Amino acid sequence: MPSADAAPPDRNKRAVQCHVHKFGGSSLADAGLYRLAAGLLDDQASTRVVVVSAMQGVTDALIALVGSARAGQDWAPAWEALRQRHRAAADALDGDGGRALQSALDEEFESVRSELAAIFGDHSDAEALAAALPGWGEVWSSRLMHAALAATAPGWLRLDARDVLVVHPGEMGMAVDWSASRTRLAEWRAQHGSGHVVVTGFVARDAQGRATTLGRNGSDYSAAIFANLFDADALTIWTDVDGVLSADPRLVPEAVCLPSMSYAEACELAYFGAKVLHPQTLAPVQQRGIPLWIRNTRRPHLPGTLISLKSDPDGAPVKGLSLVRDMAIIELVGNGMVGVPGAAERLFGALRGAGVSVTMISQGSSEHSICCVVRADQAQRARDAVAVAFADAIADSQAQGVTLTDGIAVLAAVGDGMVGTPGVAARLLGGLAQARVNARAIAQGAGERNISVAIGDKDATRALRAAHAAFWLSPQSLSVGVIGPGQVGRALLLQLSAALPQLRKRSGLDLRLRALANSRTMHLDERGIEPADAIARLDGGAAEPVDLERFASHVRGEHLPHALIVDCSASPAVAALYPRWLAAGIHVVTPNKHAGSGDWTRYSAIQDASRSGGGRFRYEATVGAGLPVMLTLRNLLDTGDELFGIDGMLSGTLAWLFNRFDGSVAFSQLVREAQALGYTEPDPRDDLSGLDVARKLVILAREAGRVLSLEDVEVENLVPQALRAVSRDEFLARLEEMDAPMLARYREADAQRRALRHLARLDRDGRASVGVVALPREHACCHTRLTDNLVQFSTRRYADNPLVVQGPGAGPDVTAAGVFGDVLAIAQSLGSPCGMPLLHAGVPAEAHA
Ligand SMILES: NC(=O)C1=CN([C@@H]2O[C@H](COP(=O)(O)OP(=O)(O)OC[C@H]3O[C@@H](n4cnc5c(N)ncnc54)[C@H](OP(=O)(O)O)[C@@H]3O)[C@@H](O)[C@H]2O)C=CC1
Ligand SMILES: N[C@@H](CC=O)C(=O)O
């Protein structure tokens with residue numbers, strides 16, 4: 001176990017004379033954990049003061065005992081169980097066989113038994129006893145910790161805080177009587193010496209000398225108070241998290257542990273729901289400028305979070321985000337309030353009178369309305385109080401009325417560095433806009449440390465994740481799902497695996513493969529899968545039956561700013577989902593031709609969803625695989641050219657077959673080879689029937705604004721009639737039936753010194769056709785190699801001499817490269833919501849994953 005007494009040396013250079021440590025209940029659940037905690041304090045250089053909470057669950061058990069006694073129920077078995085738990089821990093910890101410790105505990109358990117009996121019997125002291133009784137857990141815990149420490153080093157003292165700490169109830173909870181407490185501590189030290197001390201957390205005495213507690217979360221408060229009373233140079237709160245996180249990790253998987261923050265930042269976050277610290281805790285340390293560390297008992301090698309006077313000067317403007325749920329907006333609207341002094345005073349006076357605490361206030365400069373956010377359980381009371389206060393004005397129509405909107409949450413961005421930094425609000429609101437979260441009200445004080453936004457509660461998690469992404473992630477962070485790891489999909493995954501580290505380094509592009517599916521199973525991963533390992537997951541234990549609805553909503557997520565689905569299937573059913581995905585803001589990239597060439601209504605729905613601010617749709621690889629065919633056409637049209645026609649070879653498979661077929665090898669054998677090389681469609685009849693090329697022609701025509709459908713294309717089908725309706729497997733088994741007709745066709749062309757080529761043509765007047773043609777051998781299409789596609793665009797600018805795109809037009813690698821190019825084009829077009837550079841580079845809080 002590494003020593004961890006002082007804060008890590010590089011982060012706290014000051015020599016520490018007195019260091020207060022506080023251990024929470026989760027760090028003290030059993031004897032083993034007391035030993036672990038004691039082992040963290042083996043540094044001899046400073047005086048150590050250890051403040052302890054009760055063992056995990058003990059305070060709740062004591063509160064329940066009080067409840068049972070009050071209700072006249074039998075509390076004895078629960079009391080006995082608690083006693084046995086402490087006896088067992090004492091047995092395990094105490095060096096002298098547990099006798100001294102055991103008898104002290106027994107004595108105190110007897111006191112608790114008497115107190116419970118008094119509460120049960122409704123004794124005159126019952127209320128005071130009931131209030132103080134939950135503090136016994138800390139007393140017992142201090143005995144156990146003392147035993148654990150005494151086993152590591154001699155001379156440890158034990159201080160019962162009830163002997164020195166004097167408190168009284170204040171407006172904001174228990175307030176310390178500093179002067180009396182300081183005097184009592186000095187007396188105690190004079191009597192017991194100034195060695196290392198174990199102190200009971202949570203408990204204190206009131207001015208009358210009666211035992212009491214500091215209230216919920218009081219142990220942290222005790223630690224801060226004793227750090228102040230002991231004039232400590234450092235306070236470490238040991239807990240079960242790595243430090244203060246940028247957001248609640250249960251809601252934001254990408255939350256990062258913050259290395260440092262100022263007291264002011266910590267207060268803002270604590271007020272706004274960050275669970276690590278209670279706001280009250282900070283005041284006693286802040287007053288004396290004592291640095292406070294939050295560290296993880298189970299991961300003491302981690303530095304934790306340092307909270308001190310100054311925020312890290314090199315740190316990011318926003319330190320954390322917090323969310324408060326279950327709120328409501330009260331709004332008062334009135335023409336008669338404009339320029340009238342005192343309306344706000346009347347409003348807030350009414351709320352004060354109703355005992356309603358106001359979380360957030362917002363008023364536009366027109367003074368026409370004023371709204372505030374209050375807790376939902378106080379909202380009706382608040383509304384009624386304001387309505388009464390403005391009853392006259394409402395009756396005179398000077399105020400239009402008071403409205404209550406419930407179902408509200410408040411999201412706050414907090415950070416000292418926000419002061420004077422332009423663009424923080426833009427970034428926050430831009431992130432929310434991107435997640436389609438509506439801001440109902442906004443407030444930022446002149447202190448500029450906190451921007452609070454009231455949003456619909458149903459949007460709360462999405463808003464928090466979007467805001468977190470806006471500040472902590474690269475604006476080019478994409479959550480990616482891949483469908484169809486077949487020939488093309490697999491090649492894409494390998495290309496992603498090889499290229500992503502460089503892309504991340506060079507351009508901040510952060511592509512995270514978070515989902516993969518084939519036609520049977522899918523694997524969803526929260527943080528991201530290494531693409532090269534992804535396929536294995538589809539057969540592993542983590543795979544589940546495919547459900548593309550859930551697939552899409554997982555990819556969409558909420559904690560990454562952008563989502564993208566790559567469909568590498570050839571499935572029309574998958575293509576039918578694009579309009580919904582695009583409308584949900586998910587970008588879609590695909591080599592699947594069904595969307596671009598299929599049903600016109602679906603095609604229009606895709607274009608509409610994409611155009612109306614949804615996700616972007618790119619399908620360059622559907623024509624010419626990795627060749628820039630669509631891009632070239634788009635550029636021609638976007639720059640004002642006019643398309644007259646398209647001719648050429650659009651099938652890689654057919655180009656390769658006719659390049660190879662010379663009668664020496666059976667046509668069927670070549671088809672099988674093309675299939676094995678990954679050139680053909682999953683069903684090679686799509687190529688041989690001319691359908692695949694017809695699809696490409698339709699895609700190009702539509703891209704050029706023509707209304708063309710597959711039925712409009714004249715298609716020559718090379719598949720013999722008898723093989724058209726059979727299953728794919730049967731077709732492959734009977735492929736040889738194509739040999740004779742194809743050989744005859746070849747010989748006929750060869751006899752005329754011609755070569756067979758599969759051509760596609762789109763005329764100026766909209767006629768479209770595809771089929772095999774016997775071309776003179778000197779024709780350009782006869783001077784191509786392997787899978788070359790050759791696409792000629794005749795346009796107004798390229799009328800006499802068409803623009804030609806030529807190159808390999810099929811194969812998994814080149815197609816995957818075309819798909820990857822589309823993914824990059826989308827990723828590179830995504831900026832931060834307000835164009836600001838990234839503000840953060842955080843360390844993922846993997847402990848909370
Ligand atoms: N090969 C090439 O040169 C080119 C191909 N393309 C296009 O690329 C796409 C992929 O081709 P290719 O890789 O050769 O095809 P494959 O047959 O090798 O792979 C298809 C993949 O899609 C999956 N799949 C099929 N139906 C569904 C479904 N309903 N839901 C989820 N997954 C499904 C399959 O899963 P399972 O294994 O479970 O069946 C398989 O993983 C096709 O659309 C093709 O037109 C475009 C240009 C060039
Ligand atoms: N099977 C197709 C693949 C590309 O779309 C072809 O051969 O062209």
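Start by selecting strand β28, residues 754–762: seven of its nine residues are buried, so the strand is largely enclosed by the rest of the structure. Buried means that 20 or more other C-beta atoms, placed from the backbone, lie within 10 Å of the residue's own. Strands are DSSP runs of E with at least two residues, and helices are runs of H or I with at least four, numbered from the N terminus.

This is a predicted model, in which local features need pLDDT of at least 70, side-chain atom pairs count only at pLDDT 80 or more, and totals for chains, interfaces and linings use all residues. Residues are numbered from 1 along each chain as its sequence is written, while chains are lettered from A and ligands numbered from 1 in the order in which they are written.

Two strands pair if DSSP finds at least two bridges between them. Arginine 761 stands opposite serine 769 in β29. Five residues separate the two strands of this hairpin, and glycine 766 in the turn has a positive phi of about 95°.

Then select strand β26, residues 643–649, which runs antiparallel to β28 and is joined to it by three bridges. Here glycine 648 faces alanine 760 in β28.

Move to ligand 2. The residues around ligand 2 include Ser651, Gly652, Thr653 and Asp687, each with its C-beta atom, placed from the backbone, within 6 Å of the ligand.

Notes
Buried ≥ 20, exposed ≤ 12 C-beta atoms within 10 Å, placed from the backbone.
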